[in-house]
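Please view the sequence and the model together while reading.

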Amino acid sequence: MTLPAPPPARVFAELCPVPASVPAGSGGGSGLPAPSGREVHVSGSAELSAVPDRARVSLRLGSRKGVAGAARSSVSRRLEYIAHSARQRGVPVCIIFTDFGQMQNVCNLLIEKLGTSVTISPPHFYHTPEAIANLRRRVCVAAVGNTRQKAQEVCRLFGQSLGKPLLIKEEETKEWGGHIDSHLSNSSDSLTLQERIQNATAYASCRVFAVFEIKGKENRRNKLL
């Protein structure tokens, strides 16, 4: 998977004194909170990925007998064996896997025991809605954390102490890659298990803008601690 090129270098922080023309308690019409002293304006970003948390395989059974009833009975016995093998390993009978190692073990066992009478499709890996929602939350929190760390380092560079956040705004979010349950993959059958997981991996990025208060001189005692 080709990842997008990194953004060009840019200014990520601005130390802002209180404008003399802005009266106390006024936001100046800019949408920012009223200045309460010196401020540092910082942009930060984060990018995270999440491997799929589900896999689905399809099984096709066949049997050739001289009598139709005998063929049906043979297929039924094989279906019962498949369900029994899945239950023994704690896998739901619908064979939606959360443990990909167990998935491989079950599929290999069925092929070994049932031979050419069973056809197993390559696994389709995908994300549940909960997994994608969790990825979105994690990347936003990571971006906020990176933004605060930048602000802290800028203040420390000038011997200042970082204060409370005055504004935190999510400016941009992007998502790419990944599969959902209803989106069938067109991947080649020759791909390995790890290659299929990689192709189904979801990515998300987030950029955050924040304004922090500058409290004043950094406490040397705290710095030593």
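Which residues does Phe-125 touch, not counting residues up to four places away in sequence? Phe-125 touches Pro-52, Arg-54, Ala-55, Phe-100, Met-103, His-179, Leu-193, Arg-196, Ile-197 and Ala-200, where contact means heavy atoms within 4.5 Å. The model is predicted: local features need pLDDT of at least 70, and side-chain atom pairs count only at pLDDT 80 or more, while totals for chains, interfaces and linings use all residues. Residues are numbered from 1 along each chain as its sequence is written, and side-chain values use heavy atoms, with hydrogens and water left out.

**Nonpolar cores**

- A nonpolar core is a set of buried Ala, Val, Leu, Ile, Met, Phe, Trp, Tyr and Cys residues joined through side-chain atoms within 4.5 Å; buried means under 20% relative accessible area, exposed over 50%, and partly exposed in between (1.4 Å probe, protein chains only).
- The largest such core has 16 residues, and Ala-55, Val-57, Phe-97, Met-103, Ile-120 and Phe-125 have the most contacts inside it.
- Two or more residues of this core are given by each of helix H2 (100-114), strand E6 (118-120) and helix H4 (193-199); helices (H or I, at least four residues) and strands (E, at least two) are DSSP runs, numbered from the N terminus.
- H2 supplies the largest share of this core, 6 residues.
- Another core, of 10 residues, lies apart from it and includes Ala-46, Leu-135, Val-139 and Ala-143.

**The sheet**

- Three strands form an open sheet in the order E5-E3-E7, with antiparallel pairing; two strands pair if DSSP finds at least two bridges between them.
- The edges are strand E5 (96-97) and strand E7 (124-126), each of which pairs on one side only.
- Strand E3 (residues 54-56) runs antiparallel to E7 and is joined to it by 3 bridges.
- Arg-54 stands opposite Tyr-126 in E7.

- His-127 is placed in the loop between E7 and H3, and with a relative accessible area of 3% it counts as buried.
- The His-127 side chain reaches two backbone oxygens, that of Ala-50 at 2.9 Å and that of Val-51 at 3.3 Å.
- H3 (residues 129-157) has 29 residues and reaches 42 Å from its first C-alpha to its last, close to the 42 Å expected at 1.5 Å a residue; the expected span is 1.5 Å times one less than the number of residues.
- The buried residues of H3 are Ala-131, Ile-132, Leu-135, Val-139, Ala-143, Thr-147, Ala-151, Val-154 and Cys-155.

**Cysteines**

- The structure holds 0 disulfides, a disulfide being a pair of cysteine sulfur atoms within 2.5 Å.
- The cysteine sulfur closest to that of Cys-206 is in Cys-140, and because it is 4.5 Å away, it is too far for a bond.
- Cys-206 is buried, with a relative accessible area of 2%, and Cys-155 counts as buried at 1% relative accessibility.

**Lys-174**

- Lys-174 lies in strand E8 (residues 160-177) and is partly exposed, with a relative accessible area of 44%.
- Leaving aside neighbours within four places in sequence, Lys-174 is in contact with Tyr-203, Ala-204 and Ser-205.
- Lys-174 and Glu-47 are 127 residues apart in sequence and 9.2 Å apart in space, C-alpha to C-alpha.

Notes:
Polar contact = N/O pair within 3.5 Å; in protein donor to acceptor, adjacent residues only side chain to side chain.
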